[in-house]
Each structure stands twice: as C-alpha cells, then as structure tokens.
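Hi,

Here is the structure I promised to pass on. Have a look at it first, and then read my notes below.

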Amino acid sequence: MYFNPSEISLVGEMFRHAEELAEGYFHLGRGGLKVHRYEVETLARLRDHEMDSKAFAHLCRYLYQKEDDADHPDNFYFFKICLQDNRILDAVKRSRPFVKLEPLMLYIAAHELVHVIRFNGREIEFDAPLEEKIVEEDKVHSITRNMLQPVADTEINLVLDCFSSRYDIGDIFN
Ligand SMILES: [Zn+2]
C-alpha cells in the first residue's frame with residue numbers, strides 16, 4: 001500500500017508546515033533548518049534496509065564522502081526520513097473516522113525533524129545504546145507535543161494521545 005499522488009502532496013505540505021514550526025520553536029530563523037541536511041522519501045523509493053514493518057518512519061543516516069575519501073574535511077552526514085506508507089495508511093484506516101492522515105502526517109514530520117535537529121546538535125549520538133534511545137524517544141515526544149501546541153486542534157490532540165507512544169517505538173532503533 002503506497003501513498004497516492006494527492007497523499008504524497010499532502011505529505012510535502014505537512015513537512016513544510018512542520019519545518020516552519022520547528023524553525024520557530026528552535027529559534028532557527030526562516031529557512032534555518034537548511035543546515036540540517038535531510039531528505040524525505042516514501043515507501044515506493046526505499047531500499048530494503050530502509051523499510052521497517054513496525055514504525056511509521058525509519059530514520060537513516062548516511063555519510064557523504066567527498067572524492068571517496070573517508071577523512072575529507074568536506075564530508076558530511078545527512079539524514080533520510082523513510083516514510084512507511086503502508087503502516088501510516090493502515091493506522092488511519094483502522095482508526096477511521098477519528099484519525100485523519102493530515103494531523104498524523106504533521107505529527108510524524110514534526111517528530112522526525114526534532115530527531116534530526118537533536119542528532120545534529122549532538123544532544124544524543126546517533127549510535128547511542130538502546131537505553132539512551134528509549135529516553136530520547138520520550139524527550140522527542142514531549143518536545144514535539146510542545147512544538148505542535150500553537151496549532152493543536154482536536155484532531156492533532158487525538159493523534160498526540162492515540163499514536164505517539166506506540167509510534168515512538170521503532171524509528172530510531174535498528
Ligand atoms: Zn522517534
């Protein structure tokens with residue numbers, strides 16, 4: 001089950017919305033998120049190891065190596081937010097008519113951006129041990145909740161209450 005074209009454009013819209021909220025919340029200034037290199041990909045374009053049957057998204061980190069040189073000073077890491085269309089659509093279907101794709105996608109986008117910002121800020125290491133990652137998930141969830149507060153309506157609050165705790169298990173665990 002893949003996102004259809006209109007769902008894909010909704011995903012793009014929700015990420016743009018989440019980016020604005022994150023830039024405000026973290027005082028990054030408009031466009032300030034650009035220093036955090038990341039891309040978003042949907043299931044149809046994921047590679048095998050980027051798929052996850054349990055999470056709504058899987059966050060992968062890659063090293064860009066300049067001139068194939070592992071020690072090149074211009075090397076950098078970038079993140080790939082790998083959306084699992086099937087898991088997301090299934091969750092919406094099962095909780096119909098209460099949970100809508102739009103608020104759920106906004107939550108997922110905001111949550112993943114908080115991860116990216118915190119990994120890049122070295123708030124936690126990407127390869128941190130499991131116990132640290134479990135604590136990190138709780139922090140990321142509560143930051144995401146605060147970040148969404150200015151726009152939280154009934155539908156968003158429902159997503160925050162229904163999904164976050166279950167959803168959180170998975171996206172940064174391998
Ligand atoms: Zn997470």
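I'll start with a pair of helices: α1 passes α3 in a right-handed crossing. Keep in mind throughout that this is a predicted model.

If you want to find the spot, the residues making that contact on the α1 side are E7, L10, V11, M14, F15, H17, A18, E19, L21 and A22. From α3, the contact is made by L101, E102, M105, L106, A109, A110, L113, V114 and I117. Two packed helices are described by the angle between their axes and the distance between the axes. For this pair, the axes of α1 (residues 5-25) and α3 come within 8 Å and cross at roughly 50°. An angle under 35 degrees would count as roughly parallel and one of 65 to 115 as roughly perpendicular, and α1 and α3 are therefore oblique to each other.

Now for the sheet. In what order do the three strands of the open sheet lie? The order is β1-β3-β2, and the pairing is mixed. That leaves β1 (38-41) and β2 (57-64) at the edges with a single partner strand each, so one side of each has no neighbour in the sheet. From one strand to the next, the twist averages 25°.

β1 pairs with β3 (residues 76-83) in the parallel sense, over four bridges. If you'd like a residue pair to click on, Y38 stands opposite F79 in β3. Helix α3 (residues 101-120) turns up here too: α3 packs on the sheet and touches β1, β2 and β3. The direction of α3 makes about 35° with that of β2.

Along the sequence they follow the pattern α-β-β-β-α-α-α-α-α. The radius of gyration is 16 Å, close to the 16 Å that the globule rule gives for 174 residues, so the chain is as compact as a globular protein of that length. Taken along the principal axes, the C-alpha atoms fill a box of roughly 50 × 35 × 35 Å.

Two last figures for your notes. Of the 174 residues in the chain, 28% are buried. And among contacts with a separation of 6 or more, 75% come from residues 24 or more positions apart.

Cheers

Note on methods
Residues are numbered from 1 along each chain as its sequence is written. This is a predicted model: local features need pLDDT of at least 70, side-chain atom pairs count only at pLDDT 80 or more; totals for chains, interfaces and linings use all residues. Two strands pair if DSSP finds at least two bridges between them. Helices (H or I, at least four residues) and strands (E, at least two) are DSSP runs, numbered from the N terminus. Axes are lines fitted to C-alpha atoms, for helices over the stretch in contact, and angles run from 0 to 180 degrees between N-to-C directions. Two residues are in contact if their C-beta atoms, placed from the backbone, lie within 7 Å. The radius of gyration is taken over C-alpha atoms; the globule rule is 2.2 Å times the number of residues to the power 0.38. A residue is buried if 20 or more other C-beta atoms lie within 10 Å of its own, exposed if 12 or fewer, and partly exposed in between; C-beta atoms are placed from the backbone. Angles under 35 degrees count as roughly parallel, over 145 as roughly antiparallel, 65 to 115 as roughly perpendicular and the rest as oblique. A crossing is left-handed if the near helix is turned anticlockwise from the far one by less than a right angle, and right-handed if clockwise.
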